[in-house]
Amino acid sequence: MPASSLDMGPGGSDRSGSAAAVAGELVACGSLEMGAEAPEDARRIAELLPAGTPVYVNHLPRHELPHTLAALVALREAGLEPVPHIAARRVVSRAQLSAFLDQAVRVAGVAKALLIAGDVKTPLGPYTDGAALIRDGVLADSGLQQVGLPGYPEGHPQISTALLNAALEEKLALLEAQRLAGYLVTQFSFAPHRIVEYCADLLRRAPAVPVYVGLAGPTTPRRLLKFAQRCGVSASLRALQAEGMRAVRLFTQVDPGAQLTAIARHARSGSASNVVGVHLYSFGGVAATAAWMNAQITGARR
């Protein structure tokens, strides 16, 4: 697993300078996501971001895994790193998954994937959750090197924190046994303190696991709130309602800069030293998200 480029010194001290510089590095070492239905977006992203930037391709309910291959290939051809989402409960069969991974590795040069459970009540195939899919061995057999796992700074609307922690521990142990490197990509949150607390707790429990902090990319307030409710992060919105107009301003904040700055300060101080990058959720606005990332990277290097 690549190390952080933030150059943390002893005790988590930051040798790289200001929080703004750290924020720029978190973005430069970060990633974003795009939809499988628009492979042509790959070239637009490549014009704005460093070569090799990881770009995650969604595995949505309306798409089967093979439908994401065109986008993965387009990303590789554009000089970016393609990373497929794999929703365990939406995988139809082991044969389908094995065939997809074989093509993804051979044709698109895929080296890592983000494994999520999937949001269907009844599994479409043999996998009830991410642990079951890892346990099957199909990921290790495919030639993948790294597997991303989801993290939930605000918890999960249907799963207790204790069960989430136990499930993560199991999945990390399964990956290690199969010589696959594990890392985390967190759900986005509107409360930086929740993210920092989550990362600090993870640092105590699994200090070797790198974390990419999810941020909501630039979008409209209405679209942002829609995805917040859908993704189960509305807890931080409700918790901040008591803050009156300050909360209202946060609800309508469409630029993730304040969130990034807060995370960078904690990474710089060492209280979130396992954070190696950020992951931008684009909500369908991948070009705008890539442009925002470009501005953060170039601004920090001036």
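Biologist: What percentage of the 302 residues in the protein do buried residues make up?
Modeller: Keep in mind that this is a predicted model, where local features need pLDDT of at least 70 and side-chain atom pairs count only at pLDDT 80 or more, while totals for chains, interfaces and linings use all residues. Residues are numbered from 1 along each chain as its sequence is written, and side-chain values use heavy atoms, leaving out hydrogens and water. Buried means under 20% relative accessible area, exposed means over 50%, and partly exposed lies in between (1.4 Å probe, protein chains only). For the 302 residues of the protein, the buried share comes to 51%.

Biologist: How many helices and strands are there in the protein?
Modeller: Both are DSSP runs numbered from the N terminus, with helices (H or I) needing at least four residues and strands (E) at least two. The protein has 13 helices and 8 strands.

Biologist: In what order do the strands close into a barrel?
Modeller: Two strands pair if DSSP finds at least two bridges between them. The pairing is parallel, and the 8 strands follow the order β1-β2-β3-β4-β5-β6-β7-β8.

Biologist: Which residue of β8 stands opposite L32?
Modeller: Strand β8 (residues 275-281) has 7 of its 7 residues buried, so the rest of the structure largely encloses this strand. On one side, 6 bridges join β8 to strand β7 (residues 211-216) in parallel, and L215 has L280 opposite. On the other, strand β1 (residues 31-34) pairs with β8 in the parallel sense over 2 bridges. The residue facing L32 is also L280.

Biologist: What is the bridge partner of I86 in β4?
Modeller: Strands β3 (residues 81-87) and β4 (residues 112-116) run parallel and are joined by 3 bridges. Within β4, I86 has as its bridge partner L115.

Biologist: Which residues have the most contacts inside the largest nonpolar core?
Modeller: A nonpolar core is a set of buried Ala, Val, Leu, Ile, Met, Phe, Trp, Tyr and Cys residues joined through side-chain atoms within 4.5 Å. Contact means heavy atoms within 4.5 Å, and beyond four places in sequence I86 touches residues including H59, L65, V91 and L101. A second, separate core of 12 residues includes V83, V185, V276 and Y281. The largest core has 70 residues, and those with the most contacts inside it are I86, L97, L133 and L139.

Biologist: Are α1 and α12 roughly parallel or roughly perpendicular to each other?
Modeller: Axes are lines fitted to C-alpha atoms, for helices over the stretch in contact, with angles from 0 to 180 degrees between N-to-C directions; under 35 degrees counts as roughly parallel, over 145 as roughly antiparallel, 65 to 115 as roughly perpendicular and the rest as oblique. Helix α1 (residues 19-28) packs against helix α12 (residues 257-269) at about 105°, and their axes lie 8 Å apart. The contact involves residues including V22 and L26 of α1, and L260 and I263 of α12. The two helices therefore count as roughly perpendicular.

Biologist: Which residues of α1 are buried?
Modeller: In α1, 8 of the 10 residues are buried, so this helix is largely enclosed by the rest of the structure. The buried ones are A19, A21, V22, A23, G24, L26, V27 and A28.

Biologist: How many disulfides does the count come to?
Modeller: A disulfide is a pair of cysteine sulfur atoms within 2.5 Å. C29 is partly exposed because its relative accessible area is 25%, while C199 is buried at 1%. By the distance rule, the number of disulfides is 0.

Biologist: What distance separates the C-alpha atoms of A71 and P82?
Modeller: A71 sits in helix α3 (residues 69-77) and counts as buried because its relative accessibility is 0%. Beyond four places in sequence, A71 contacts M34, G35, A36, P39 and V57. P82 is 11 residues away along the chain, and the C-alpha separation is 8.1 Å.

Biologist: Which residues does D41 touch, not counting those up to four places away in sequence?
Modeller: D41 belongs to helix α2 (residues 41-46). Its relative accessibility is 12%, so D41 counts as buried. The residues it touches are M34 and V286.
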